[in-house]
Amino acid sequence: MSTRSAIGILHDDGSVESIYCHHDGYLSGVGATLNKYYSDKESILNLMSHGDVRSLGSTVGETDFFPDCPSITYDSLGWFWEGFSHSDQEYCYLYTKEMGWVYTTVKNPNEIREWKSVSGELALKKANNEIERLKGTIKRLQSAVDLLSGSSETIKDVLISDDGPLMPEDLSK
């Protein structure tokens, strides 16, 4: 099943140009690709000029476009939201010159939308993953301390887990 998304750019006159993207619309898919490879107005307008997307690549040349499906321009952000919120698209990405890429999701077209920074949310997700990795390292170290204090586990059980062996570089990160 596909995770569909809308990709738009807010123009200086208040209009929003938008395309549809069929695959990988979630934050770590389309969101990360937009944030990394389409971070300036010129590259975004180039993407928009090719129309709707099956699968977004890191360049326009690597992107799989639907034939004969041009971008749509809405008169305002309100009309853009209206179109998105009543579609089957799950994520909505919008580029503004003041904030860069922001996104929101919709489950109910009547819900109040909260726009979040794509780069901020990706950084938060990366930090949370690192915290979880460190928690695992701490747990393994605590088990090693317990072992040295007389626990019944063996060193091998403590230092080699499902995450792989505990290495000295794990302690220095």
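Trainee: Which residues does Tyr38 touch, not counting residues up to four places away in sequence?

Mentor: Start with the cut-off: a contact means heavy atoms within 4.5 Å. Leaving out residues up to four places away in sequence, Tyr38 touches Thr33, Ser43, Ile44, Leu47, Leu56, Gly57, Ser58, Thr59, Val60, Thr63 and Trp101. One caution before we go on: this is a predicted model, where local features need pLDDT of at least 70 and side-chain atom pairs count only at pLDDT 80 or more, while totals for chains, interfaces and linings use all residues. Residues are numbered from 1 along each chain as its sequence is written, and side-chain values use heavy atoms, with hydrogens and water left out.

Trainee: Which residues touch the most other members of the largest nonpolar core?

Mentor: General idea first: in soluble globular proteins, nonpolar side chains tend to be buried together. Here a nonpolar core is a set of buried Ala, Val, Leu, Ile, Met, Phe, Trp, Tyr and Cys residues joined through side-chain atoms within 4.5 Å. Buried is under 20% relative accessible area, exposed is over 50%, and partly exposed is in between, using a 1.4 Å probe and protein chains only. The largest core has 22 residues, and Tyr38 is among those touching the most other members, along with Ile7, Leu34, Leu47, Leu56, Tyr93 and Trp101. The elements giving it two or more residues are β1, β2, α1, α2, β6, β7 and α4. There's also a second, separate core of 9 residues, including Phe80, Leu94, Val102 and Val106.

Trainee: How many helices and strands does the protein have?

Mentor: Both are DSSP runs numbered from the N terminus: helices are H or I with at least four residues, strands are E with at least two. By that count you get 6 helices and 10 strands. Of the 173 residues, 37% are buried.

Trainee: Now a strand. Which residues lie on each side of β6?

Mentor: In a regular strand the side chains alternate between the two faces of the sheet. For β6, Tyr91, Tyr93 and Tyr95 are on one side and Cys92, Leu94 and Thr96 on the other, all of them buried.

Trainee: How many bridges join β6 to β7?

Mentor: Two strands pair if DSSP finds at least two bridges between them. β6 and β7 are antiparallel, with 6 bridges, and Tyr91 stands opposite Thr105 in β7. A hairpin of 3 residues links the two strands. β1 and β6 run parallel with 5 bridges, and Ala6 stands opposite Cys92.

Trainee: What lies 3.2 Å from the backbone nitrogen of Ala6?

Mentor: A polar atom of the Gln89 side chain. A polar contact is a pair of N or O atoms within 3.5 Å; within protein, one must be able to donate a hydrogen and the other to accept it, and residues adjacent in sequence count only if both atoms are side-chain atoms. Gln89 is in the loop between α3 (77-85) and β6, and counts as buried because its relative accessibility is 14%.

Trainee: How many disulfides does the rule count?

Mentor: A disulfide is a covalent bond between the sulfur atoms of two cysteines. The rule asks for a pair of cysteine sulfur atoms within 2.5 Å, and the count is 0. Cys21 is buried at 0% relative accessibility, and Cys92 is buried with a relative accessible area of 0%.

Trainee: Last one, the backbone. Is the phi of Asp68 positive or negative?

Mentor: Positive, about 55°, even though Asp68 is not a glycine. Asp68 is in the loop between β4 (64-65) and β5 (72-74), and is exposed at 77% relative accessibility. Asp24 has a positive phi too, near 60°. Asp24 lies in the loop between β2 and α1 and is partly exposed at 35%.
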